[in-house]
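Open the model in your viewer and keep the selection tool at hand. The stops below go one at a time.

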Amino acid sequence: MQTLPPGSTIGILGGGQLGRMLSVAAAQLGYRCHIYASDNNSIAAEVSAQFTCAQDEDIASLTRFAESCDVITFEFENVPVAPLQEIAALAPLHPPIAALDIAQNRIAEKNFARDHGGTTAPFAEVTDRPSLDKAIAEIGTPAILKTIRMGYDGKGQSRIRPGDDLDRHWDAVAQQPCVAEGFVTFDHEFSVILVRGQDGEIRFWNTPHNIHEDGILALSVAPAPAAILEQQDDARALAAKMAEAMDYVGVLTCEFFATKNGPVFNEMAPRVHNSGHWTIEGAITSQFENHIRAICGLPLGDTGLAAKKVEMHNLIGAQADDWQSLLSDGTNHLHLYGKGESRPGRKMGHVTKLHF
Ligand code: AMP
């Protein structure tokens with residue numbers, strides 16, 4: 001275990017709200033963060049000691065960045081892998097590149113879960129228009145067509161109903177390589193959020209019940225209802241196996257559907273996750289702090305609940321404009337990410353409420 005003392009510099013690839021909250025947690029432990037992002041208006045850089053604004057493929061800038069860091073992590077799973085491999089010798093990188101490689105490809109991700117004993121939706125690869133016909137003939141409808149790469153928050157997805165014109169769906173995903181997934185009939189959605197230390201210790205947070213609206217997370221509640229808790233052990237066992245197989249260090253999130261036949265793995269995020277934002281006030285140690293502890297080789301903090309029940313509401317688009325009325329309830333923990341303009345579907349902040 002390589003312990004980095006407070007005062008060391010943590011490099012974070014990506015400049016959004018996850019980087020911002022990681023940087024705040026790191027600062028609390030006495031670390032300095034250096035953000036690397038391609039957008040000059042980085043809301044993570046605003047709260048960090050250093051900022052490099054450069055493209056992900058800019059090896060010269062990446063090299064200077066890596067030389068200034070004692071450890072590097074990422075808050076965004078679509079960081080290109082090849083440039084990272086080039087700078088790998090310059091500073092330790094956690095979580096491992098292998099986790100990025102798997103999480104960037106929906107097919108690799110599902111196969112990885114299956115290889116470790118998990119159940120996924122039935123799926124078929126779609127590389128061109130004729131293979132979409134073949135895939136739908138194989139898995140049936142309803143189905144969801146998802147781009148293999150770069151999809152998030154329901155983007156790059158098209159829902160296929162029985163009898164639909166497939167040309168329209170192929171256009172909707174911009175004719176890119178896709179996975180066609182059978183539609184899973186589920187009772188609930190939940191996520192397993194774990195942290196794995198450099199010594200292999202794994203801790204889980206309380207399992208949140210996640211409610212999505214229009215493909216975007218709207219609400220996370222912990223503890224989850226009994227119907228989810230009954231499936232928690234199987235889901236946790238799968239997530240732990242996957243983390244061990246990757247020799248993972250840091251926070252890993254796996255999203256599941258709770259079905260009549262047990263948990264169905266949907267996807268993994270090799271990073272802190274929106275469904276874990278409630279842990280800032282709702283757990284003894286937050287996902288952000290434990291990620292920093294793990295990558296810096298510190299002992300992991302207690303992941304237990306800090307209240308009887310915790311709810312986290314996302315503030316999407318104009319919902320964040322209600323900040324004054326949200327603050328008028330003194331028990332609300334309001335987080336605003338400092339994004340200037342509230343656009344529809346944009347995650348602007350969240351509110352956490354603890355029930356004792
Ligand atoms: P994803 O980007 O894969 O997380 O999908 C966003 C949301 O769409 C999920 O949280 C689910 O609510 C829904 N969804 C995705 N895939 C499926 C599926 N195969 N069956 C049913 N619902 C799905």
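Start with the domains: domain 1 (9-93), domain 2 (122-182) and domain 3 (188-355). These bounds come from an automatic or database domain assignment. Select domain 2 and domain 3; their centres, taken over C-alpha atoms, are 28 Å apart.

Two notes before going on. This is a predicted model, in which local features need pLDDT of at least 70 and side-chain atom pairs count only at pLDDT 80 or more, while totals for chains, interfaces and linings use all residues. Residues are numbered from 1 along each chain as its sequence is written, and side-chain values use heavy atoms, with hydrogens and water left out.

**Helix H10**

Select residues 287-295, helix H10. Helices (H or I, at least four residues) and strands (E, at least two) are DSSP runs, numbered from the N terminus. How many residues of H10 are buried? Nine of its nine. Buried means under 20% relative accessible area, exposed over 50%, and partly exposed in between (1.4 Å probe, protein chains only).

Now show what covers H10. The cover includes strand S1 (9-13), helix H1 (17-28), strand S4 (71-74), strand S9 (188-196), strand S13 (250-259) and helix H9 (279-282).

Inside H10, pick Glu289 and Arg293. Their side chains meet in a salt bridge at 2.9 Å, N to O. A salt bridge is a side-chain nitrogen of Lys or Arg within 4 Å of a carboxyl oxygen of Asp or Glu. The two residues are four apart, about one turn of the helix. Glu289 is buried, at 15% relative accessible area.

Go to Ser286, which caps the N-terminal end of H10. A side-chain oxygen of Ser286 lies 3.2 Å from the backbone nitrogen of Phe288.

Step back to Thr285, in the loop between H9 and H10. Thr285 is buried, at 4% relative accessibility. Its side chain reaches the backbone oxygen of Asp302 at 2.8 Å. That is a polar contact: a pair of N or O atoms within 3.5 Å, where within protein one must be able to donate a hydrogen and the other to accept it, and residues adjacent in sequence count only if both atoms are side-chain atoms.

Gly297 sits in the loop between H10 and strand S15 (309-316). Its relative accessible area is 3%, so Gly297 is buried. Leaving aside neighbours within four places in sequence, Gly297 is in contact (heavy atoms within 4.5 Å) with Met1, Gln2, Thr3 and Gln198. The C-alpha atoms of Gly297 and Gln198 are 6.1 Å apart, though 99 residues separate them along the chain.

**Salt bridges across the chain**

The whole structure holds 15 salt bridges. Pick Glu267 and Arg106, whose closest N and O atoms are 3.0 Å apart. Glu267 is in strand S14 (residues 262-269) and Arg106 in helix H5 (residues 106-115), so this pair ties together parts 161 residues apart in sequence. Arg106 is buried, at 5% relative accessibility.

Next, Asp187 and Lys260 form a salt bridge at 3.0 Å, N to O. Asp187 lies in the loop between S8 and S9, Lys260 in the loop between S13 and S14, 73 residues apart. Is Lys260 buried or exposed? Lys260 is exposed, at 71%, whereas Asp187 is partly exposed, at 41%.

Finish this stop with Lys110, Lys146 and Glu181, linked in a network of salt bridges.
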